[in-house]
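Student: I would like a close look at one residue and then at the architecture around it. Please treat the matter in one connected account.

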Amino acid sequence: MILYDQSIPASIEEFGVQIPVRDSRVIKTFQALLDDSQLKARQADWHVPKIAEQLRREDLLRAHSEEYVQRLYSAGLEQEIISTFELIDEEGKYHRYDPDSAIRPLTDLFDRLLKKTAGSVQAARLALQHGFCFSFTGGAHHAQHNYGNGFCLLNDIIIACRKLQAEGLVRQVWVIDVDAHKGDGTAALAEHDSSIRTLSIHMAKGWPLDGPEKLADGSLNPSFIRSDIDIPIESGEESLYLDRLRMGLDTLEEVGRADLAIVVCGADPYEGDELPSAALLKLSLEQMFERDRLLYEWLAARDVPAAFLMAGGYGDKVWRVYSQFLLWVLHKRFVAA
C-alpha cells in the first residue's frame with residue numbers, strides 16, 4: 001500500500017524555511033507510478049489517498065516529556081521550531097530562513113508535522129493489515145525526549161510504535177534506519193525499552209556525530225547513545241554498505257521475531273542528494289535500489305509486516321530513489337502476483 005495524501009506538500013518554503021525538501025520528491029514519485037499503465041489500472045488497490053488518523057496531545061507523551069509537549073502547545077512553539085530547524089545561527093542571523101517570503105506563519109508548521117506523525121501511525125496500521133505500506137511522510141528520527149532536533153520536531157517513529165503497543169496490536173517492534181544520518185533520537189528514546197529494537201546504518205562522521213560527546217553538565221550527548229545495532233559507514237566504504245547491512249539484519253533477528261518493522265527509508269545516502277550534511281555517504285542509484293529491495297525481501301521472507309517511511313531526501317533527484325523501488329514493489333504485489 002502507498003499512503004500519499006496529496007493535500008500535504010513536502011516543501012516547507014511557504015513558511016519561509018529554505019531547506020531543500022522539494023515537492024518533486026513526492027509528486028514525481030507518484031507520477032512515475034501512474035505513468036505505468038498496469039499500476040494506474042490498479043490504483044484503487046494500492047493508493048490510500050488520505051491521512052485519516054488523528055493524534056491527541058497524550059499521544060505525543062508516548063515519546064516526549066510533559067515539559068516539551070507543553071512548550072509545543074504554548075507561546076513557545078515558534079522558538080521550538082526555530083531551534084529544531086536551525087533557522088537562526090550562533091550570531092543571531094537567519095539561517096536558511098526568510099520570514100519575509102513566508103505566506104504562512106511559522107507556527108502553522110506544527111499542524112502539518114502533527115499530521116505527518118499521524119501518517120506514520122496509519123502506515124503502521126496498514127502494514128499490519130496488508131503486510132507492507134510505504135508512507136510519503138514520516139521518519140523524524142532526530143527528535144529527542146525533551147527537544148526537537150535536525151528538522152525533526154516529533155519522533156513519529158516511537159510514537160507509532162508505542163501507540164500500537166498500547167492498543168495491543170503489536171508487542172515487539174524493529175526500527176530499521178537506513179537514512180544517511182544516525183537515528184539518534186530513536187536510539188535514545190528506545191534505549192531502555194527492550195520492546196523496540198533499533199538498527200541504524202549511517203555516516204560514521206558528520207552530523208549529528210560532529211558535536212561534543214559530553215554536554216556541559218557532564219552527561220552523555222543523546223546523539224551518541226547507541227542503537228541496539230549501529231553500523232557506521234566511512235566515506236569510501238560504500239562498496240561495503242550492502243554486506244554490512246545484511247550482517248546487521250541477521251544480528252537483529254537474533255533478538256527474536258518482531259510483530260512489526262518500521263523502516264526509516266531515507267534517500268539521502270544517494271549520491272544525487274543535495275543536503276550538505278549527508279554528503280559523506282554517496283551510494284549510487286543502483287546501490288539504493290539494492291538496499292531497498294534487500295530490506296523488503298528480508299522482512300517479507302520472515303513474514304514481518306513492514307511500514308516504510310520516506311524520511312530524509314533532499315533536492316530534485318531523490319524521487320528516482322523512491323520511484324524505482326516502489327515500481328518494483330507494486331509490480332511484485334499487484335501485477336506479477
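Student: Which residues does Leu 72 touch, not counting residues up to four places away in sequence?

Tutor: Leu 72 touches Leu 77, Glu 80, Phe 110, Leu 153 and Leu 154, once residues up to four places away in sequence are set aside; contact means heavy atoms within 4.5 Å. The model is predicted, so local features need pLDDT of at least 70 and side-chain atom pairs count only at pLDDT 80 or more, while totals for chains, interfaces and linings use all residues. Residues are numbered from 1 along each chain as its sequence is written, and side-chain values use heavy atoms, with hydrogens and water left out.

Leu 72 lies in helix α5 (residues 66-72); helices (H or I, at least four residues) and strands (E, at least two) are DSSP runs, numbered from the N terminus. With a relative accessible area of 2%, Leu 72 is buried, where buried means under 20% relative accessible area, exposed over 50% and partly exposed in between (1.4 Å probe, protein chains only). From C-alpha to C-alpha, Leu 72 and His 181 are 25 Å apart in space and 109 residues apart in sequence.

Thr 186, in helix α9 (residues 184-189), also counts as buried at 2% relative accessibility. Leaving aside neighbours within four places in sequence, Thr 186 is in contact with His 141, Asn 155, Ile 157, Ile 158, Val 175 and Thr 198.

We turn next to the sheet. Its 8 strands form an open sheet with parallel pairing, in the order β2-β1-β3-β8-β7-β4-β5-β6; two strands pair if DSSP finds at least two bridges between them. The edges are β2 (47-48) and β6 (229-233), each with a single partner strand, so one side of each has no neighbour in the sheet. Helix α10 (residues 241-253) packs on the sheet and touches β4 (173-177), β5 (196-203) and β6, its direction making about 175 degrees with that of β6. Such angles run from 0 to 180 degrees between N-to-C directions of axes, which are lines fitted to C-alpha atoms, for helices over the stretch in contact.

In α10, Tyr 241, Leu 242, Leu 245, Gly 248, Leu 249 and Leu 252 are buried. They cover an arc of only 120 degrees around the axis, which puts them on the same side of α10; the arc is that of the directions from the helix axis to the C-beta atoms. The cover over these buried residues includes β4, β5, β6 and α11 (285-301).

Within the sheet, β8 (residues 306-309) is joined to β7 (residues 260-264) by 4 bridges, with Ala 306 in β8 the bridge partner of Ala 261. Strand β3 (residues 132-135) is likewise joined to β8 by 4 bridges and runs parallel to it, and Cys 133 stands opposite Ala 307 in β8.
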